[in-house]
Amino acid sequence: MISTKEYITNNSIENDYSKSISMEHRKKFAQFFTPFSIASLMAKWILGNNNLKTVLEPAFGLGIFSRAILSLKEDLYIKGFEVDATIYEKAKQNFEGNEDINIHLQDYMYNDWDNKYDGIICNPPYFKFHDYDNKNIIKEIETNLKCKLNGFTNLYTLFLLKSIHQLSPNGRCAYIVPSEFLNSDYGKLVKTYLIKNKALRHIIVINFEENVFDDALTTASIILCANDSSTDRVQFSNIHSLQELSKIENIITDYPNFTDTEQTYRLSELNPAVKWKSYYQKQNSIRFKDLVPFSTYAKVVRGIATGSNVYFTFNISKAKEFSIGEQHLLPCICSAKDANRTFFTTQDFEDLRRSDETIFLFNAQNSTEQSIKNYIQKGVDEGINKRFLTASRTPWYSLEKRKPAPIWVSVFNRTGLRFIRNEANISNLTSYHCIYPRQTNLLSEIDIDLLFAYLLTDTAKQIFDDNSRQYGNGLQKFEPNDINKGMMLDIGLLDKRAVKRILDLYKEYKNLILDNKNGDEIIDIIDKILIDKYGTEEHYNYHKTAKPLNTYI
Ligand SMILES: C[S@@+](CC[C@H](N)C(=O)[O-])C[C@H]1O[C@@H](n2cnc3c(N)ncnc32)[C@H](O)[C@@H]1O
């Protein structure tokens, strides 16, 4: 056996490999490597099993976890799985001469189901779900684990579920995965399994300013499981910087006790149906009273998906080139950058049209004109009619039916949600979601402006934040349902005087914006009116201010 000193306890092997191989190859196999400092902490959790003899590394790569474990303890039997022959050969060379390490050039998901291990440690591959054969793998898991999963379930959670299933009594498992499943719809059944299986102990959410994995746009979580009966509790922790990693060390040494009891829950208290960020992030909504679901006042749906933007979108030059008259073109905002102010007016639309921007969609059902027929034929020649979305429409070139929405909201955001009042009454593609106010007794037509004024405030954004999905680098994504199910202040409870004051301020704000001036101060006043009415004790404690005596109305 080679001696302890020979294991490389840093990322130099991974760095050399990354330099020697194309990004395309690494992306194909999801080869993003774990920083050694994190691998080493995860190894310590595994080593907390005093009877550790057998270890599994299901997504081996260059064996960073095996190196971390072996540098702390020898006399272990380690098995690894890896599907990429290139990295596999390099890994084999690195561990040459160590007979206790067996790396298999095989897909982990379809092999080794009958074996159990004292320790399993992994940074599984993360793919967009389209990029792998999820159907068969999900079937494999459902059969072996006798559980039900959602068809969108991401591969990395399937790795995790299989590994938990392969733990021997008192076995320990450490995974580093994107946090996405904790807060997304497909994660619900994964979380159900984690609760039922009872091995989940710690979820450590890493939310660094910088990405842990250089190129992967995700925030990560470390999941620690133990197949023992020492506790029925799960703790959520947040780590914001590399310096805070020592917190994890304490968590591991203290087990089965918990360093502090904050954010600690009994397994039976966890609800798989809610976003788990409510267990690890302070919710903004607790600072306000009289909240209702956003769907009480409005409905959010995604924008028009064409199936081929290159084919369906037009600017004036393209329309001339193909002799398509404007009666066959639907005015539509096609790119988020084209609506960069809070109000999108008919004048903005005219300006874009004059500068030949792409702001139309091909919309030519029931036309007998030859130029239209030619353009449809061009689509057929290019196979546009056989695309996933177009193939399911009749005729294939018809557009999804969506009325222009009076309010748009951007899908991806760095600084909270961005709402736009669509005064030009035009359609939108998927870079914005459509917001349609509900026509209820509570909210008549005119009050779209009241709703919009509310949406512009910081309070609205903070409350929605509770429901966003977080990516790395501060990028947030909101699906239509994240907003529909998000909460808002019940603006129907505002008295007439407050409504009038808000609408007056809103008018003032709009004039400033249309005049290319800054209106932030006016929105701040609207916000203060709302806080005055809806802010709870928590709000003033949080901001360490006293409730003001004067009101803003
Ligand atoms: C995210 S990398 C992690 C590598 C290494 N363990 C680390 O943490 O630095 C995932 C590795 O799993 C491999 N892989 C991808 N799909 C796999 C599968 N189905 N079975 C086994 N390995 C797989 C990839 O080639 C890649 O080397």
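Author: A term for later: two strands pair if DSSP finds at least two bridges between them. Also, this is a predicted model.

Reader: Fine, start with strands, then. How many bridges join β13 to β15, and do they run parallel or antiparallel?
Author: Strand β13 (residues 329-333) and β15 run antiparallel, joined by three bridges.

Reader: Which residue is the bridge partner of P331 in β15?
Author: F360 is the partner of P331 there.

Reader: What about β13 and β19, parallel or antiparallel?
Author: Those two run parallel, with two bridges between β13 and strand β19 (residues 427-428). I333 of the pairing stands opposite N428 in β19.

Reader: Switching to rings. How many aromatic pairs does a search of the whole structure find?
Author: The search gives 32 aromatic pairs. One of them is W45 with Y255, an edge-to-face pair at 5.0 Å centre to centre, with 75 degrees between the planes.

Reader: Where do W45 and Y255 lie?
Author: W45 is in helix α3 (residues 36-47), and Y255 is in the loop between α9 (246-254) and β9 (264-266), so the pair ties together parts that are 210 residues apart in sequence.

Reader: Is W45 buried or exposed?
Author: W45 is buried, at a relative accessible area of 0%. Y255 is buried too, at 9%.

Reader: What kind of pair do F362 and Y375 form?
Author: F362 and Y375 are edge-to-face, 4.9 Å centre to centre and 65 degrees between the planes. F362 belongs to strand β15 (residues 360-362) and Y375 to helix α14 (residues 370-381), so this pair ties together parts that are 13 residues apart in sequence. F362 is buried with a relative accessible area of 0%, and Y375 is buried with 1%.

Reader: Which residues do ring pairs link into a cluster?
Author: The cluster holds Y311, F312, F314, F322, F362, Y375, W396 and Y397.

Reader: Now lysines. Over which ring does the charged end of K318 sit?
Author: Over that of F314, 4.3 Å from the ring centre. K162 has its charged end over the ring of Y108, 3.6 Å from the centre.

Reader: And K275, where is it found?
Author: K275 is in the loop between β9 and α10 (277-280).

Reader: Why does K275 count as buried?
Author: Because buried means under 20% relative accessible area, and K275 has 17% relative accessibility. A polar atom of the K275 side chain lies 3.2 Å from the backbone oxygen of N183.

How values were computed:
Residues are numbered from 1 along each chain as its sequence is written. This is a predicted model: local features need pLDDT of at least 70, side-chain atom pairs count only at pLDDT 80 or more; totals for chains, interfaces and linings use all residues. Side-chain values use heavy atoms; hydrogens and water are left out. Rings of Phe, Tyr and Trp (its six-membered ring) pair if their centres lie within 6.5 Å; planes under 30 degrees apart count as stacked, over 60 as edge-to-face and the rest as tilted. Helices (H or I, at least four residues) and strands (E, at least two) are DSSP runs, numbered from the N terminus. Buried means under 20% relative accessible area, exposed over 50%, partly exposed in between (1.4 Å probe, protein chains only). A charge sits over a ring if NZ of Lys or CZ of Arg is within 6 Å of the ring centre and within 35 degrees of the ring normal. A polar contact is a pair of N or O atoms within 3.5 Å; within protein, one must be able to donate a hydrogen and the other to accept it, and residues adjacent in sequence count only if both atoms are side-chain atoms.
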